[in-house]
Amino acid sequence: MAFGDYPAEYNPKVHGPYDPARFYGKPDTPFSQLKVSEIGAWLGRREKSPRAITGAFSRAWWRWNHKYVQPKRAGIAPLFQLIVGGMVFFYAINYGKIKHHRNYKYH
């Protein structure tokens, strides 16, 4: 499988048109339906390669895109989500500099 190809599990005769937001692999129990004792085995069944992680991020991106950006009457929600996400990201990367400027009552 080269960069940009369809997933190996995708079969156009079975699945129809390709949807980048859908996982075409073998279905597993959703995380929300697991018991606490099953979490370790569930995590052990995950593929942890860079290609699988990249695919998961890509599917998440396309799901967000289809839900908030591409509808016919898209609102202002994706703009606010990107702004808040950027604010949290830049706060996290600058936290080391910001924490030295705290105002303490007793020092």
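Helices (H or I, at least four residues) and strands (E, at least two) are DSSP runs, numbered from the N terminus. In this predicted model, N65 is found in helix α3. N65 counts as buried at 8% relative accessibility, where buried means under 20% relative accessible area, exposed over 50% and partly exposed in between, with a 1.4 Å probe and protein chains only. Leaving aside neighbours within four places in sequence, N65 is in contact with Q70 and P71, contact meaning heavy atoms within 4.5 Å.

The model is predicted, so that local features need pLDDT of at least 70 and side-chain atom pairs count only at pLDDT 80 or more, while totals for chains, interfaces and linings use all residues. Residues are numbered from 1 along each chain as its sequence is written, and side-chain values use heavy atoms, with hydrogens and water left out.

**Helices α3 and α4**

The axes of helix α3 (residues 50-69) and helix α4 (residues 77-93) come within 9 Å and cross at roughly 135°; axes here are lines fitted to C-alpha atoms, for helices over the stretch in contact, and angles run from 0 to 180 degrees between N-to-C directions. The two helices α3 and α4 are therefore oblique to each other, given that angles under 35 degrees count as roughly parallel, over 145 as roughly antiparallel, 65 to 115 as roughly perpendicular and the rest as oblique. On the α3 side W64, Y68 and V69 take part, and they meet A77, P78, Q81 and L82 in α4. The residues of this contact divide into six nonpolar, one polar and no charged, with Ala, Val, Leu, Ile, Met, Phe, Trp, Tyr, Cys and Pro counted as nonpolar, Asp, Glu, Lys and Arg as charged, and the others, Gly among them, as polar.

Helix α4 also holds F80, which counts as partly exposed at 48% relative accessibility. The C-alpha atoms of F80 and K35 are separated by 35 Å, and these residues are 45 apart along the chain.

**Aromatic rings**

Rings of Phe, Tyr and Trp (its six-membered ring) pair if their centres lie within 6.5 Å, and planes under 30 degrees apart count as stacked, over 60 as edge-to-face and the rest as tilted. By this rule the count comes to 10 aromatic pairs, including the two below.

| Pair | Type | Centre to centre | Between the planes |
|---|---|---|---|
| Y18 and Y24 | stacked | 5.6 Å | 25° |
| F89 and F90 | edge-to-face | 5.2 Å | 75° |

Y18 is partly exposed, with a relative accessible area of 33%, whereas Y24 is buried at 7% relative accessibility. F89 is partly exposed at 47%, and F90 is partly exposed at 49%. Y18 and Y24 also belong, with Y6 and Y10, to one aromatic cluster.
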